[in-house]
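This report is for a reader who is new to the structure shown below. It goes through selected contacts, charged pairs, aromatic rings and surface features in turn.

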Amino acid sequence: ASSSSSSHAGGRSGAAAGSPAHEFSVFWVPRRSIAVEKVLEDEGVYGSLAQGEFSLDLVALDDDVLSLELDRAFRECTLEGDTSSLFYAASALLKLQQMYGLIPRLQGMGPAAKAVMEMAVRMRREAPLPAAAAVACRIHRAVLLDREVDPATPMVTQITFEGLIDEVTGIKHGSAPYTPSRREAGASDAARGRPGSTLLNSSDPFYKEFRDLPYYITSQRLQQYARDARKEYAELGSKDLSELKSFVKGLPKLLLLDRLSDLAVPVAEVVKEQAFHDQLKAEQDILES
């Protein structure tokens, strides 16, 4: 959120006689604001603190996904009148151009998108791009979409494999809650079955294949892969040395497959309920009416 901050002990404060002096530092994420400085002044500690900023902007969640992770941006802009997130979006757009060259075509839909484009153009005039970046052009077009243009889509139930994991267990910062149900190599007895989280991105070849498919297709393929793995395991006794080596090399992929199967368990429990299908039908009727 735009008002979030992070502080770390590290300005000086008065110390009692005989006690060591302490220094305090405050680092604002992603930047300091006039409002928080006013609070520090009102509390009488503004001059006693060393302040800094940590510009956490674009977070790489996958090979082709960069996110500002501003979960409250839409609420802040539309309900609270706080447009700080638009400034962060424009700053991120400028950073992309500093890294990959001038984007010759900026297009957008909606008032927020227009505001971001105007801010980005103004920032570029105030802080011109380096000569190399001004000439280079690795991104030919950027399209900005204001969520206000289409507020209905995020409210509809997702039906892809990745979407249903997000609906049922939640995906946050590129990871999802995960409880392994199988014995994993190297795991202690206490760690097996312990709830945790796991990253979900394209580095997993199975997840890359399944993520955008409808859930029922993913379920069928997972079952088929599991059957193939069990069949191959049952035939180990008849394999020669080279085939055994090939099987061992494929074990990491089997562990990845187990992980996806475990992630699919809570989804399967929800999908088989009649209430889930009633909700999908109601949503479809509303959208088609």
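Asp204 is in contact with Leu256, Arg259 and Leu260, leaving aside its neighbours within four places in sequence. The model in which these contacts are found is a predicted one. Asp204 belongs to the loop between strand 11 and helix 7. With a relative accessibility of 3%, Asp204 counts as buried. A polar atom of the Asp204 side chain lies 2.9 Å from the backbone nitrogen of Phe206.

Ser202 lies in the loop between strand 11 (196-199) and helix 7. The relative accessibility of Ser202 is 16%, and Ser202 therefore counts as buried, the cut-off being under 20%. Not counting residues up to four places away in sequence, Ser202 touches Asp62, Asp63, Lys208 and Arg211.

**The chain as a whole**

The secondary structure of the chain consists of 11 helices and 11 strands. The chain has 289 residues, and 27% of them count as buried. Its accessible surface comes to about 18800 Å², with 56% of this belonging to carbon and sulfur atoms.

**Salt bridges**

How many salt bridges does a search of the whole structure find? The search finds 15 salt bridges. Side chains of opposite charge can pair when their charged atoms come close.

| Pair | N to O distance |
|---|---|
| Lys172 and Asp71 | 2.7 Å |
| Glu80 and Arg72 | 2.8 Å |
| Arg221 and Glu209 | 2.9 Å |

Lys172 is partly exposed, at a relative accessible area of 46%. Asp71 has a relative accessible area of 56% and is exposed.

The salt bridge between Arg221 and Glu209 has 2.9 Å between the closest N and O atoms. Arg221 is in helix 8 (residues 215-234) and Glu209 is in helix 7 (residues 205-210), so this pair ties together parts that are 12 residues apart in sequence. Arg221 is partly exposed, with a relative accessible area of 35%. Glu209 is also partly exposed, with a relative accessible area of 27%.

Glu80 and Arg72 form a salt bridge, and both belong to a network of salt bridges that links Arg72, Arg75, Glu76 and Glu80. The relative accessible area of Glu80 is 41%, which makes Glu80 partly exposed. Arg72 counts as partly exposed too, at 38% relative accessibility.

**Aromatic rings**

A pair of aromatic rings is described by the distance of the centres and the angle of the planes. The count comes to 7 aromatic pairs. One of them is formed by Phe161 and Tyr215, a stacked pair with 6.5 Å from centre to centre and 15 degrees between the planes. Phe161 is in helix 6 and Tyr215 is in helix 8, 54 residues apart, and the pair links these distant parts of the chain. Are Phe161 and Tyr215 buried or exposed? Both Phe161 and Tyr215 are buried. Ring pairs also join Phe161 and Tyr215 with Phe206, Tyr207, Phe210 and Tyr225 in a cluster.

**A nonpolar patch on the surface**

Met109, Val143, Leu145 and Val149 make a nonpolar surface patch of about 400 Å². Val143 is located in strand 9 (residues 141-145). At 53% relative accessibility, Val143 counts as exposed because the cut-off for exposed is over 50%.

**Positive phi angles**

Most residues other than glycine have a negative phi. Which value does phi take in Glu69? Phi of Glu69 is near 55 degrees, a positive value in a residue other than glycine. Glu69 is found in the loop between strand 7 and helix 2, and its relative accessibility of 22% counts as partly exposed.

His173 also has a positive phi, about 55 degrees, although it is not a glycine. The loop between helix 6 and strand 10 holds His173. With 46% relative accessibility, His173 counts as partly exposed.

Notes
Residues are numbered from 1 along each chain as its sequence is written. This is a predicted model: local features need pLDDT of at least 70, side-chain atom pairs count only at pLDDT 80 or more; totals for chains, interfaces and linings use all residues. Side-chain values use heavy atoms; hydrogens and water are left out. A salt bridge is a side-chain nitrogen of Lys or Arg within 4 Å of a carboxyl oxygen of Asp or Glu. Buried means under 20% relative accessible area, exposed over 50%, partly exposed in between (1.4 Å probe, protein chains only). Helices (H or I, at least four residues) and strands (E, at least two) are DSSP runs, numbered from the N terminus. Patches are made of residues with over 30% relative accessible area and no salt bridge: like charges are joined within 9 Å, nonpolar side chains (Val, Leu, Ile, Met, Phe, Trp, Tyr) within 5 Å. Accessible areas come from the Shrake-Rupley method with a 1.4 Å probe; for residues, only the protein chains shown count as cover. Contact means heavy atoms within 4.5 Å. A polar contact is a pair of N or O atoms within 3.5 Å; within protein, one must be able to donate a hydrogen and the other to accept it, and residues adjacent in sequence count only if both atoms are side-chain atoms. Rings of Phe, Tyr and Trp (its six-membered ring) pair if their centres lie within 6.5 Å; planes under 30 degrees apart count as stacked, over 60 as edge-to-face and the rest as tilted.
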